[in-house]
Amino acid sequence: MPGLEDLYREIILDHYRNPRNRGELETPPAVVAEGFNPLCGDEVKVYVVVDGDTITDIRIGGQGCSISQSSASMMTTAVVGKTVDEARDVLRSFKQMMSIHEHGLGADADPADASTPSGLGDLEALRGVVKFPVRIKCATLGWNTFDQALAEVDSPA
Amino acid sequence: MSTATLDAAAVKADFPLLAREVHGTPIVYLDSGATSQKPRAVLDAMDRYYEEINANVHRGAYHIAERATTASEDARRSVARFIGATDEHEVVFTKNATEAVNLVAHAWGRSNLAEGDVVLVSLLEHHANIVPWHQLAAERGIEVRWIPTTDDGRLNLGALDHLLEGVRLVAVTAASNVTGDLPPVRRLADAAHSVGALCLVDASQYVPHRATDVADLGCDFLAFTGHKMCGPTGIGVLWGRRELLDAMPPFLGGGEMILDVRRDGFTPNEVPWRFEAGTPPIAEMIGLGAAVDYLEQLGMDAVAAHEVDLTAYALRTLGDRFDDDLVIHGPADTTDRGGTLSMCLGEIHAHDLSQVLDQHGVCVRAGHHCAKPLMRELGVTATARASLYLYNDESDVDALADALDEAARFFAF
Ligand SMILES: Cc1ncc(COP(=O)(O)O)c(C=O)c1O
């Protein structure tokens, strides 16, 4: 049975207690997207500034649980300074890591054994979330919202 | 029966699921506000139906079909008796409380409400008693108006007279699924009638916990759901005054709801079958009947007294142990209050809190409880909600308090 320490790794709690890049940015130049987790009422706003190809600034607003907040916080440090394409690669890898359960491994399997993409650095700490299927939506909330923000950059409304 | 007390240990033993363990510890089930557990009597009644008399109802003239029809209609009579309805034809079986409210919105609302008419709801409502009216607002241009709440999660009826202007329907909860408040339904129903409006009561969190008499409540419609009152999922009830139901057109069309079908049209059946299109959930009707019989045997006054005592114990225990670190949204004492405890512990998010509680076998609900307008009013996005029922006892409350302690330690706020 997965224990709490599988879910709440030290680095996750650290990002929860000391979230990086929290706040708001002026729009424009930033674009903003808003995401909801209808299950628990969590709300997140992702502000992104793209200069040329590069993500020069990103901020997270809204409220949520430790998993959604820390995941979004870790995301900001992983993508800031990267090009949009590089950020999309990280996003893809992260979502792949989170989709193990949906691919039938089940909650009791050990995702650490699975051949999922690595190279996610600190983000690997969130791997344990897949053992707690209802929390996957928490972990991916910020990322999906970031995805929306990037779509906004591509084709402004 | 009114002096009867509940033997909590004996009651607990009636519920097979409550004997199980999760994560190596005995389960502590505190989420009856979401759905209750089911006593052996209900499970057996449903099994017996399938094993002995499974047949479609109101159709066959053979032995088991007649038995199935009688058993399901007996359930209707049991439910009618349980809520003090004198005419069992006033009991319409639906899928759940949500469908019951939607039935009123469709069948009564669409033939009686026009642009500018007001439906008065309250900020305590579950989405089930909000969204159908929003839909009607979008479709018909009716106005949805809100009764505000007080800081302790009760209805604020100070401006009620003013709010009633232009109101055709007052649609209110009899028990909040977030704050536990038990609003004064009789007063609201009388107020509705004083301006010529009707009153629909969402009793989903009331009928399972308090002796219910529709004549005492004074309402015109009562909606509730079977799975929160020891019955199965897939069955709910709309009770309505007979003359109102008689005047309402059908909601869904098909078999069972007709008297006659011709090439050029149809003649609807009598109530309640007019509103029960298609093969009904027969086993679930029988299961709900068994649930009602079970609750009646214990006595709803005894159930209510037990819950009031346990709620008082919980408020006292949690208050003593956590003081201001634990906020319980809702009235501070048990006056007109049910056993619903919506908690925020320090800075810990409800989702995280419930995750830690789960490790200790404690089942609570984390989230917005399908009451987002109320959550906004309370200034929170989520709470962890413990809801007490007849099979809970002080040991469950103690287990909750211990697990909350663990959570506080784990997140070290
Ligand atoms: C107050 C209230 N109304 C309505 C409902 C809806 O019940 P159901 O989902 O069974 O239709 C619930 C339960 O979630 C509730 O608590």
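This is a predicted model: local features need pLDDT of at least 70, side-chain atom pairs count only at pLDDT 80 or more; totals for chains, interfaces and linings use all residues.
Residues are numbered from 1 along each chain as its sequence is written, chains are lettered from A and ligands numbered from 1 in the order in which they are written, and side-chain values use heavy atoms, with hydrogens and water left out.

Let's start with the two chains. On the B side, 18 residues are in contact with 24 residues of chain A, where contact means heavy atoms within 4.5 Å. Interface size is often given as the accessible area lost when the parts come together. Here about 1,700 Å² is buried between chain B and chain A, with carbon and sulfur atoms giving 55% of that; the figure is the accessible area (1.4 Å probe) that the two parts lose on being put together, summed over both.

What about salt bridges (a side-chain nitrogen of Lys or Arg within 4 Å of a carboxyl oxygen of Asp or Glu)? The count between the chains is one. B:Asp352 pairs up with A:Arg135, and their closest N and O atoms are 2.9 Å apart. At least two residues each of the B side come from α12 (350-359), β16 (365-367), α13 (372-378) and α14 (394-411) of chain B. Helices (H or I, at least four residues) and strands (E, at least two) are DSSP runs, numbered from the N terminus. The largest share, five residues, belongs to α12(B).

Now hop over to A:Ser70, which sits in helix α3 (residues 66-79) of chain A. A:Ser70 counts as buried because its relative accessibility is 0%, and buried means under 20% relative accessible area (1.4 Å probe, protein chains only). Leaving aside residues up to four places away in sequence, A:Ser70 touches A:Ile12, A:His15, A:Tyr16 and A:Leu126. A polar atom of the A:Ser70 side chain also lies 2.6 Å from the backbone oxygen of A:Ser66.

Last stop: the ligand. Residues around the ligand (a heavy atom within 4 Å of it) include B:Asn177, B:Asp202, B:Thr225 and B:Lys228. An oxygen atom of the ligand lies 3.1 Å from a polar side-chain atom of B:His126. For B:Ala97, a backbone N or O atom is 3.2 Å from a ligand oxygen, while B:Asn96 has a side-chain N or O atom 3.5 Å from an oxygen of the ligand.

Definitions and conventions: Buried means under 20% relative accessible area, exposed over 50%, partly exposed in between (1.4 Å probe, protein chains only). A polar contact is a pair of N or O atoms within 3.5 Å; within protein, one must be able to donate a hydrogen and the other to accept it, and residues adjacent in sequence count only if both atoms are side-chain atoms.
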